[in-house]
Number of protein chains: 2
Amino acid sequence: MARIVQKFGGTSVAGIARLEKVSLKIKREIDAGHQVAVVVSAMAGVTNRLVRYTQALAGNIQTAEYDVIVAAGEQISCGLLALALSQIGVPARSLLAWQIPILTDLTHGSARIVHIDSNCLEECWSQGVTPIIAGFQGLTPQGRLTTLGRGGSDTTAVALAAAVKADRCDIFTDVTGVYTADPRIVPKAQKLKEISYDEMFELAAQGAKVLQTRSVETAIEHQVHVRVLSSFYDEPGTDLIPQAKLKDSFHVSGITHRGDEARLTLKNISNNVPIVADIFESLARQNIHLDMIVHNVSLEDHSDLTFTIMKGEVPRVIAALQEMKQISYEDLIIDPNVAKITVVGVGLQRGIGLATLMFKTLAEMNVPLQVISCSAIKVSVLVDESMAEEAVRALHKVYGLDKEF
Amino acid sequence: MARIVQKFGGTSVAGIARLEKVSLKIKREIDAGHQVAVVVSAMAGVTNRLVRYTQALAGNIQTAEYDVIVAAGEQISCGLLALALSQIGVPARSLLAWQIPILTDLTHGSARIVHIDSNCLEECWSQGVTPIIAGFQGLTPQGRLTTLGRGGSDTTAVALAAAVKADRCDIFTDVTGVYTADPRIVPKAQKLKEISYDEMFELAAQGAKVLQTRSVETAIEHQVHVRVLSSFYDEPGTDLIPQAKLKDSFHVSGITHRGDEARLTLKNISNNVPIVADIFESLARQNIHLDMIVHNVSLEDHSDLTFTIMKGEVPRVIAALQEMKQISYEDLIIDPNVAKITVVGVGLQRGIGLATLMFKTLAEMNVPLQVISCSAIKVSVLVDESMAEEAVRALHKVYGLDKEF
């Protein structure tokens, strides 16, 4: 007997027919003698509709009331799934975050799970009842609802798997696993049989939507065995594994790109203040995250500062910069037509050749690199949006990912 | 300074523009120096949609999961209304039933409120925060969600008003008050300035949809000053008042009719068992409520039993009757094409003449009376559905309700 946490995403539970299909998938594991806990997202489209209501009333906010409103979607889907299971003879009950409870910090809209009480689940299992948990939701110590940020049900599932010491956490989604690139852009993209935690973390952070970044963090922290699978097709998915197990470490696992950031450049800043720190601090206070950063201090007493932020944050950043009277600069250039391409692979930390291959390939294609950013196992470059897709396809080929594994 | 509970129904909060309008209505009372608590229904259509989901999965059920699912609508609307208020500078916070808590019994789908803890609301007021309460929801002592039955937000509001000893409970709805008849059927129907608790109870129980019957019960029990008002028009509504205050007690207050019941007749039942009690008990165990009942024992050792039930219950009643082996009858006749007309007025208990007027009027119109049922302040008759509307108009006239008050 294994203890398994299954998580079903929004498209997997969109509509009665799909709920019934999902309930059969759950029943199969229970019939095989496993102890199962299920985490469920809101039905596809529901959270978006609720977010739009809040936007229509109050713009882009992430307050306590925002969380009360958007958390309702998971309440509906977990009740429905519990109902669907009982219809096929599987005793099940819904558990909302406040009933377990799943305690979080106070960061409304993107709260972090602090503690999960597993007693409630153990009690269900001891009574032969399968617990169906509302994903995405949390509770503050003060008894108010929180949510974990978009994709947060992944994190609920992984954190829950850690809390109940599950043997496996199966993330059922609308793709069949983790791919070497977005198959819509790269027709030769291939599904990975396995991927290391670290690589998955970088892929998620750099725009691969298959898992919420924080869920990968949680998996790493608690060494949760995560498997990404399709809700719709019965085929092997992708296993997240500790790096050590990887057969071939000299490789690149995937290439991802995202076009949701904008590039801002402050030209000719006067160098007499610790400007980058100031800007960082001021924007961080407003929960604005700077991504790629280049501070070019080549000039004698002036410098250029370039950074990327989410496109939606541009107006707030402009307002914040205008308020920072201590900073003087000649010009502010904003370019929303940029894309970030990232190559991820544990091989990058072994040999410099793999990173060089990226720069060489893009140079041959005459793709100018606007910003470069590296970590141990990834290299990201910012390029003109119009060149991004072709560049991703070329990189997919030169890194040997087109060839069938 | 008065303490006021305001309740807004589903059409009053259907959409962002209406939520904004409602928030201004609330602000007006707060600006006038009053302490306000707001109870809110789900946005119009939301509860129906959620109920349809449960029906598609499991038919007509009222289980714990049903309640988890359908309670979500009020969570959304109360979060949105709190948000709308904060946008116009009124500090407000949403309160879900489990946060207060509003404790109920275990009758899922139509739970009864057992206790409301008012501390949570008092604390909000002491901090200058207006509490926005999700209507319709409750919590069992075991920590599971319940709902109070359709229209249950009315009962939440009245029970809350009783719990916090409010000076008034304003029920804002899509009509401008309580009418002498349904204005869609009777063009000359008039709004009542006031109505006694007892009459309102009968009108609600007999199909007037303006207030949930149980909310009137609660108002009577705790002598809550309830006022029914329009969300959309600024005009005087209808006040519920103790009977003693009524100026003219020799009157009829309203005529209502409903077409949602079916008539069942068991022909030639053998009289050797206490059949009515048996049927009552058996159906009550399945939460099926018999309404009008006639047991005709004119025959020597046989009798006919006629009763009405909600149309939706017919299949369950047939199944239940078939299971009752101790009862033998010749035939079961089912007629769904019936309507119940009810005349309500404290005057009915004073002079027999007012009831006689009803029978006389219907006899002159050649409307056969299938069943008659009386209480202290109402007379109900079951008639053929096709004759109901015309009969209501005629009765409205003969009881003097067409004349402007």
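**A walk through the two chains**

Okay, let's start with a helix in chain B. Helix H7, residues 197-205 of chain B, is largely enclosed by the rest of the structure, because eight of its nine residues are buried. Do keep in mind that this is a predicted model. If you want to click through H7(B), the buried ones are Asp198(B), Glu199(B), Met200(B), Phe201(B), Glu202(B), Leu203(B), Ala204(B) and Ala205(B). After H7(B) comes Gly207(B), and its phi is positive, near 115°.

Now to the sheet in chain B. In what order do its eight strands run? Go across and you read S3-S6-S2-S1-S9-S11-S12-S10, an open sheet with mixed pairing. Strand S3 (92-95) and strand S10 (194-196) of chain B are the edges, so to speak, each pairing on one side only. On average, neighbouring strands in this sheet are turned by 20° against each other, if you ignore direction.

Let's zoom in on one pair. Strand S1 (residues 3-8) and strand S2 (residues 35-40) of chain B are parallel partners, with six bridges between them. To find your place, look for Lys7(B), which sits opposite Val39(B) in S2(B). Helix H1 of chain B, residues 16-31, packs on this sheet and touches S1, S2 and strand S6 (130-134) of chain B. The direction of H1(B) makes about 155° with that of S2(B). There's also helix H4 of chain B, residues 72-87, lying across S2, S3 and S6 of that chain and running at about 160° to S6(B).

Is S20(B) mostly covered or mostly open? Mostly covered: six of its seven residues are buried. S20(B) pairs with strand S18 (residues 338-344) of chain B in the antiparallel sense, over seven bridges. In that pairing, Val344(B) has Lys378(B) as its bridge partner. Strand S19 of chain B, residues 371-375, also runs antiparallel to S20(B), joined by five bridges. Here Cys374(B) has Val379(B) as its bridge partner. The link from S19(B) to S20(B) is a hairpin through two residues.

Over to chain A for a helix pair. Two packed helices are described by the angle between their axes and the distance between the axes. For helix H6 (residues 152-163) and helix H8 (residues 213-222) of chain A, that's an angle of about 10°, with the axes 8 Å apart. So H6(A) is roughly parallel to H8(A). Their crossing is left-handed. Who meets whom? From H6(A) you have Asp154(A), Thr155(A), Val158(A), Ala159(A) and Ala162(A), and across from them in H8(A) are Arg214(A), Ser215(A), Thr218(A), Ala219(A) and His222(A). By class, this contact of H6(A) with H8(A) has four nonpolar, four polar and two charged residues.

Last stop, where the chains touch. Chain A puts in 24 residues and chain B puts in 24 residues. On the chain A side, the elements giving two or more residues are helix H1 (16-31), helix H2 (46-58), helix H3 (64-70) and helix H4 (72-87) of chain A. Which of them gives the largest share? That's H4(A), with nine residues.

Note on methods. Residues numbered from 1 in each chain as written. Chains lettered and ligands numbered in written order. Predicted model: local features only at pLDDT ≥ 70, side-chain atom pairs only at ≥ 80, totals over all residues. Buried ≥ 20, exposed ≤ 12 C-beta atoms within 10 Å, placed from the backbone. Helix = DSSP H or I, 4+ residues; strand = E, 2+ residues; numbered from the N terminus. Pairing = 2+ DSSP bridges. Axes fitted to C-alpha atoms, helices over the stretch in contact; angles between N-to-C directions. Parallel < 35°, antiparallel > 145°, perpendicular 65-115°, else oblique. Left-handed = near helix turned anticlockwise from the far one by under 90°. Contact = placed C-beta atoms within 7 Å. Nonpolar A, V, L, I, M, F, W, Y, C, P; charged D, E, K, R; others polar.
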